Amino acid sequence: MISLRTLALSLLLVLSAPLVQTASAQVGGAAVVFLMIEPDSRAAGMGNANVAIADNANAVFWNPAGLAFQTGSSVGITHSNWLPEFNANLFYEYAVGKVAVDNIGTFGAHITYFNLGTHEATDELGNSLGQFKSYDLAAGLSFGRQITDNLGIGVSARTIVSNLATGISIDTDTEVKRGVSFGLDLGLLYKSDKFDLGGSKASFNVGANLANMGPTVGYTEGGQRDPIPTNLRFGYAFTLDIDEFNSITFANDFNKALYRVTSDSVFNADGTPTLDENDRAVIERNVDPWYRAIFSAWAPLEVDLTPGNDREDARELNAFDQMTVGLGAEYWYNQLFAMRAGYFYENPYNGNREFITFGAGIRYNIFGVDFSYIYALEEDSPLANTMRFSVLLDFQR
């Protein structure tokens with residue numbers, strides 16, 4: 001028999017620390033949360049606010065409706081050493097492309113690879129039984145089309161493969177298998193006409209994207225299954241063209257995780273709690289399917305950070321408390337050079353991510369490069385000093 005305790009703990013830390021609502025807010029959480037990693041450096045430098053911008057190939061992630069307003073074709077790649085503070089050799093790779101077809105719409109495609117490192121399998125006595133690699137992978141297609149001159153819609157579909165410890169036996173009867181699922185996105189984007197503002201031209205966008213609707217993921221036959229990270233992202237963006245050379249955009253995104261995992265005590269017919277062989281109360285874990293969770297996940301959550309059962313530090317989080325907020329600004333000079341900054345906030349009882357972002361970009365002919373950096377405001381943040389580099393080749397003309 002191979003022990004997976006170390007693997008389980010390490011992967012839980014890797015996956016839950018930066019991305020998922022804390023386990024205290026929900027019993028357990030989502031699987032394959034790499035799907036929530038923001039893939040491009042441009043938006044990452046703007047506090048992860050991009051749902052109402054989505055004006056390049058990375059709209060595949062932010063809002064597939066953004067593809068509806070795009071022409072030409074482009075490809076892009078992103079690389080990031082993930083959670084550098086852990087020094088765990090984790091990295092994230094993302095490739096995306098899009099092509100517009102006249103009188104039909106714009107098609108997009110992406111592939112995401114998240115390397116979770118190399119782990120050592122041991123038996124019950126701690127003897128090494130060899131090493132194995134863990135990774136997550138997703139690949140999908142997208143499509144966007146204009147409904148009117150100002151309104152676009154978009155859809156995305158992706159296959160998800162999670163290879164945490166495939167082929168490793170937990171005991172003589174249980175072997176870890178590859179987790180497989182699929183996700184569907186639906187997006188809307190409204191873009192206003194240009195209007196005069198103080199002698200300059202301005203525009204206003206509103207966007208929304210309901211992402212990763214799909215079935216649960218399991219890693220053992222008949223074992224626990226976890227939801228994929230269904231998420232609603234919505235927001236707005238305001239752009240002011242100061243003159244023919246200078247423009248600035250302000251963006252604001254809100255995100256709400258729409259999965260729901262709860263626990264309930266099991267009771268006997270006489271109303272007493274059911275106990276296991278160790279005289280501990282039996283807890284039943286319940287996972288709402290995605291089509292129910294997109295409604296049930298708006299209910300308040302009770303969070304208790306107190307060790308034990310004293311409940312001295314319990315809080316109730318309403319729907320807004322469960323959201324993350326991203327604010328960003330981007331300045332362009334002559335569409336050649338950009339500077340970016342942003343702020344990201346998450347309630348301390350619901351993940352406690354808070355950081356400032358910085359970024360820059362260069363465009364020349366068909367070639368573009370973007371860079372972003374995270375400066376964490378909370379102590380010992382696993383996301384501190386995370387950098388992303390993106391390259392974009394844009395064949396618009």
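Biologist: Which residues are linked with Asp 370 in a network of salt bridges?
Modeller: Bear in mind that this is a predicted model. In it, the side chain of Asp 370 meets that of Arg 363 in a salt bridge of 3.0 Å, N to O, and Asp 370 forms another salt bridge with Arg 340, with the closest N and O atoms 2.9 Å apart. The network that holds these residues links Asp 370 with Arg 42, Asp 55, Glu 330, Arg 340 and Arg 363.

Biologist: How many residues apart in sequence are the parts that Asp 370 and Arg 340 tie together?
Modeller: The two side chains form a salt bridge whose closest N and O atoms are 2.9 Å apart. Asp 370 belongs to strand E23, residues 367–376, whereas Arg 340 belongs to strand E21, residues 337–346, so the parts that the pair ties together are separated in sequence by 30 residues.

Biologist: Is Asp 370 buried or exposed?
Modeller: The cut-off for a buried residue is a relative accessible area under 20%. Because the relative accessibility of Asp 370 is 5%, Asp 370 counts as buried.

Biologist: How far apart in sequence are the parts tied together by Arg 388 and Glu 38?
Modeller: The structure holds 12 salt bridges, and one of them joins the side chains of Arg 388 and Glu 38 at 3.6 Å, N to O. Arg 388 is in strand E24, residues 387–395, and Glu 38 is in the loop between helix H1 (5–19) and helix H2 (41–44), so this pair ties together parts whose separation in sequence is 350 residues.

Biologist: Which residue forms a polar contact of 2.4 Å with the side chain of Asn 246?
Modeller: Asn 246 lies in strand E15, residues 246–257, and is buried, with a relative accessible area of 16%. Leaving aside residues up to four places away in sequence, Asn 246 touches Leu 240, Asp 241, Tyr 331, Trp 332 and Tyr 333. From among these, the side chain that makes the polar contact of 2.4 Å is that of Tyr 331.

Biologist: Which elements give two or more residues to the nonpolar patch?
Modeller: The nonpolar surface patch covers about 830 Å², and it is made by Ile 147, Leu 151, Ile 153, Leu 188, Tyr 190, Phe 195, Leu 197, Phe 204, Val 206 and Tyr 236. The elements that give two or more residues to this patch are E6, E9, strand E10 (195–197) and E11. Leu 151, for its part, is found in strand E6.

Biologist: What is the phi of Asn 103 near?
Modeller: Most residues other than glycine have a negative phi. Asn 103 is found in the loop between strand E3 (90–101) and strand E4 (105–123), and, at 79% relative accessibility, Asn 103 counts as exposed. Its phi is positive although the residue is not glycine, with a value near 65°.

Biologist: By what distance are the C-alpha atoms of Ile 362 and Ala 338 separated?
Modeller: Ile 362 is found in strand E22, residues 354–364, and, not counting residues up to four places away in sequence, Ile 362 touches Leu 336, Phe 337, Phe 367, Gly 368 and Val 369. Ala 338 is 24 residues from Ile 362 along the chain, and the separation of their C-alpha atoms is 6.4 Å.

Note on methods. Residues are numbered from 1 along each chain as its sequence is written. This is a predicted model: local features need pLDDT of at least 70, side-chain atom pairs count only at pLDDT 80 or more; totals for chains, interfaces and linings use all residues. Side-chain values use heavy atoms; hydrogens and water are left out. Helices (H or I, at least four residues) and strands (E, at least two) are DSSP runs, numbered from the N terminus. Contact means heavy atoms within 4.5 Å. Patches are made of residues with over 30% relative accessible area and no salt bridge: like charges are joined within 9 Å, nonpolar side chains (Val, Leu, Ile, Met, Phe, Trp, Tyr) within 5 Å. Accessible areas come from the Shrake-Rupley method with a 1.4 Å probe; for residues, only the protein chains shown count as cover. A salt bridge is a side-chain nitrogen of Lys or Arg within 4 Å of a carboxyl oxygen of Asp or Glu. Buried means under 20% relative accessible area, exposed over 50%, partly exposed in between (1.4 Å probe, protein chains only). A polar contact is a pair of N or O atoms within 3.5 Å; within protein, one must be able to donate a hydrogen and the other to accept it, and residues adjacent in sequence count only if both atoms are side-chain atoms.
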